[in-house]
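Welcome, and please open your viewer for a short tour. We will go stop by stop, with something to select at each one.

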Amino acid sequence: MKMNGQVRICAFQLAFTLCILKECFTSDCPLFKFGTNCNNACVCDQSKSLSCDKHTGECLCKNGWTGVRCTCIAGTECDKNSFCDANSCFCNDGVLNKPSNCSDEVFVLYSCSFETEIETCSIYNHGEMKWRKHSNGTPSDDTGPYSAKDGSFYVYTEASGGSTGDEGVMEISLANLNLTTTACFQFYFHMRGSEMGDLDVIVEDKSGSDIARWTMSGPVDSGWNQGFVSLLVQAEMINLTGRRGSGFRSDIALDDFKIYQGHCNCPPFTFGTNCNKTCVCDQSKSLLCDKDTGECLCKNGWTGVKCSCREKTKCDENSFCEGSNCFCNDGVLNKPTNCSDEVLVLYSCSFETDIETCSIYNHGEMKWRKHSDGTPSDDTGPYSAKEGTFYAYTEATGLSTGDEGVMEISLANLNLTTNACFQFYFHMRGSDMGDLDVIVEDRSGSEIARWSKSGHVDTGWNQGFVFLPVNAEMINITGRRGSDYESDIALDDFKIYKEHCNCPPFTFGAQCDKSCACDQSKSISCDTDTGECLCKNGWTGIKCTCGEKTECDEHSFCDANNCFCNDGVFIKPTNCSDEDFVLYSCSFETYIKACSIDFQGEMKWRKHSRGTPSDDTGPYSAKDGKFYVYTEASGVSAGDEGVMEISLANFNLTTYACFQFYFHMRGREMGNLDVIIHDKSGSEISRWSQSGHVDSEWKRGFVSFPANAEMIKVTGRRGSDFTSDIALDDLKIFQGHCSCESWTFGLVCEKVCDCRRGSSSSCDSKSGTCMCKQGWSGKTCNCRISLDNCHSAYSYCHGYRCLCKDGHYSNGVNCSGLIDVTYFCGFDMFDSLKRCNVELQQVQWEIIENLEQNMDNVFHLENNRFLKTMKSGESLLSSNSSLLFSVQNVSVELESCLQVKYFIHDQENQRLRIKVEKENNQLIDRLFQGKDWSTARITLNAMSNMKIHFIGNPFSNTSIMIDDIIITTKSCDTKYEDQEKQNRTYGENTIFVIIFIYSFVLGLTWLIMAVYVIYKSRRRKNIIDAQDIQLEAQDMMQPTNAEEIYTSLDCPDQETYYEDMKTS
């Protein structure tokens, strides 16, 4: 317990005498109270004192007791720099005039308990946030102490009402201490509060330069903590600065200052100039540790750097013993040493000692810090070291994105004569995590090896390896801050040892960054160089998953008793992975370079497993196996490309081949994927393309290419934002054309086969040639084999008939049940317009199949095609009459008949006009106004190089349809020409007779007259000219049948034609 004032026997006796004679027992103050208003409590031990002075509070002791509180047995002696309390001598506040033994310390030169006034301690107190003397808790919740460290009082800075960064400063002058040797400044501090600021203790010499510094930031603990600062002989001033944090919860408190001669008396198992280092000793097996070096003093029977080894355990000079094992010392070892479960270790750094001990140059805006336990920020950094107590980390709080912390390890003193390995542990936990690069440089500063990791990796420690060639000179370790404070990067347990890296089980490669494909339940391990699996007895295959009797050729491997393709180019076609004649395969399950792919572009393809980092884009897993490649769209720009090039130079192709792949394009802002085949000159041979979001599943793509192909170029192009990850997997090249889906063919299966589905089984993927079913033949499998005697120059077989091909014929031909055909245009062939010499005009056209308004099929296939004006054509509505199309260069040597099928919706407002011209001289001009499908006929005189114009008279938004333009060397028969009109007229008469009878029964004579007037009006509109009226009148009296039609056309097969007409 600390007390104030000096105890002088004579003064006490005088006070006691005055008290008895005058006031003590007659005062108005209660016992053990003093002061003007009797509101101060005396500090006396009431069981050992009579009372206290009402003015000063000085205690009046009972007989046999002494001391400032009457707690010392009479006769206890303390020097003039201390006072007695509980039989112990405690230091007075202020500068002591000689070194004193007090307060359990020896050679005390200065003391301040704050039980008296601050000024008593020879302290200069200033700043915006002056230090205040206080007892009990500070006024603000959740900050400051609840009581003094010892006694009643302490000093603190009140953060309420101040601003961030405000300071409170106490200066203690050392000028009167007359230091002749090293001394120690000891103090207690309290820094509780979620918005805590900083506390700096700086020692200055006479020039004002810093010669020692102790610093603490942020919340430390909820209790009092001890601090030490070593004072050199030239120390002149101690400057204690409390700095306010970001809010009121940053009250900083100090108590119990002492300066004593000699080294600081560090707490047990701490050491160092400022006692800020923790000894590594096993405290249960050691007595203490050296205050300067931290070396442990072991109990009997124990030895080792931590006193954790039995005395018989021996370790060499480069290692220390712990738990009967030898562990590497930190730093460059003077010879290869077997320690820490490694052999031939050349360098070690566990961070259990200082970073400098590890021969590391630490620099950058975000220097690496030695630390234990968790880092200050939530949701980032480790909770503890990988091994031992300490590790190094970069603190991301308070810094900017991209700031770096760099550690450089020079290899100059290692004198490498063979390859070596740098092994380390890293921790990268945090949603805003940055990057960690480990770069190896040679003497010229050129990069010769690199290990990199970006983003959140895991919540635990992970092992990393970097291969060191003989010419390695420097290891550069750079931690780069991410986008926010949740990006603390930590490192621990560095080692450099000779020879190949000791990869973890089932990993391989120079940097141990590849996973062996072995089935670990059926294999012992894998080769650390090649990754080749070492199988257990009874198992074989590349993954140790096949029984010993399974055999696969040199280009494939066995897995689960099946043969799968190796990655790469094959020297001969191989049957593997359920495919035949495979020339090349890439599953991305092995090292990506095995696939002989050249990667280019701003957005290079990356090998990956599981889902891509971005949400709502990319696959969740590979198509088959574990790995695939993809383009990462985050962090790049729209239109950036990732390119893969596969050279075909070594394939020695002699025929067509097929490139097959699986692609994944999921994402609302998806870009493009192009697969282009080039020849030796770089010219494009074929192309496969896909744009935009396709599906959330893997899809098959393929493209065929000829023998002169030289390069396959696969380009993924980024969309407008990050949701455009494109993925590829399972690339293969087969001998032969790609197998297209049913009824398609072409290099990318883009063409539809022209085969009759009912009579063919499929078509050839390369040529589109139809594969006819038994009993059928012909180009489209539309002909019965036994009757295929059609003349191929102008006809083709369809079922049991020979149908006309489109085109001009100088000599009349017989086809489609017609004779002497010189021109036929049915629009059923893919190049009908060219064959028919048809010139389309400004009206928009489309070719239609299987409309509901179908016409008779006498001359056609089941899928009849014909011309139709598009309803949306603006030119169709721009005038009352429009030129639809023309037939050029028509020549007939004999009088002939032109017949045309046409379809009109609106008989009252639509019509078709046919004009025949030669050299701009009009020969014929006829107008036709039938309804639904009708036939127009015109007799043509012998003439050469005529033009036939078809002029439409459209109405509103309706279309006109044209089909079967036929010219035969027969004059037109008027009876046949008007057959449809007669049938239509007869039908109209029947309707009106029924109406007349119905009206007569009801007595509605007036209705009969009205209907008759309408009938006469409509009939007059259908009469085109006087000749047509006479022909119509004759036809009404002479019904026509199919036999008469056949006779007028001189058809060669009367029975067949008659049956066709009945059907139609």
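Which residues form a nonpolar patch on the surface? Select Leu287, Leu288 and Leu297: together they have about 280 Å² of accessible area. Areas come from the Shrake-Rupley method with a 1.4 Å probe, and for residues only the protein chains shown count as cover.

A word on what you are viewing: this is a predicted model, where local features need pLDDT of at least 70, side-chain atom pairs count only at pLDDT 80 or more, and totals for chains, interfaces and linings use all residues. Residues are numbered from 1 along each chain as its sequence is written, and side-chain values use heavy atoms, without hydrogens and water.

Stay on Leu288, in strand β23 (residues 286–289); strands are DSSP runs of E, at least two residues, numbered from the N terminus. Leu288 counts as partly exposed because its relative accessibility is 43%, between buried (under 20%) and exposed (over 50%).

Next, select the open sheet of five strands, ordered β31-β34-β39-β36-β37 with antiparallel pairing; two strands pair if DSSP finds at least two bridges between them. At its edges, β31 (360–363) and β37 (447–454) each pair on one side only.

Finally, zoom in on β36 (residues 435–441) and β39 (residues 474–480), an antiparallel pair with seven bridges. Here Val438 stands opposite Ile477 in β39.

Technical notes
Patch = residues over 30% accessible without salt bridge, like charges linked within 9 Å, V, L, I, M, F, W, Y side chains within 5 Å. Salt bridge = Lys/Arg side-chain N within 4 Å of Asp/Glu carboxyl O. Helix = DSSP H or I, 4+ residues; strand = E, 2+ residues; numbered from the N terminus. Buried < 20%, exposed > 50% of the residue type's maximum accessible area, 1.4 Å probe, protein only.
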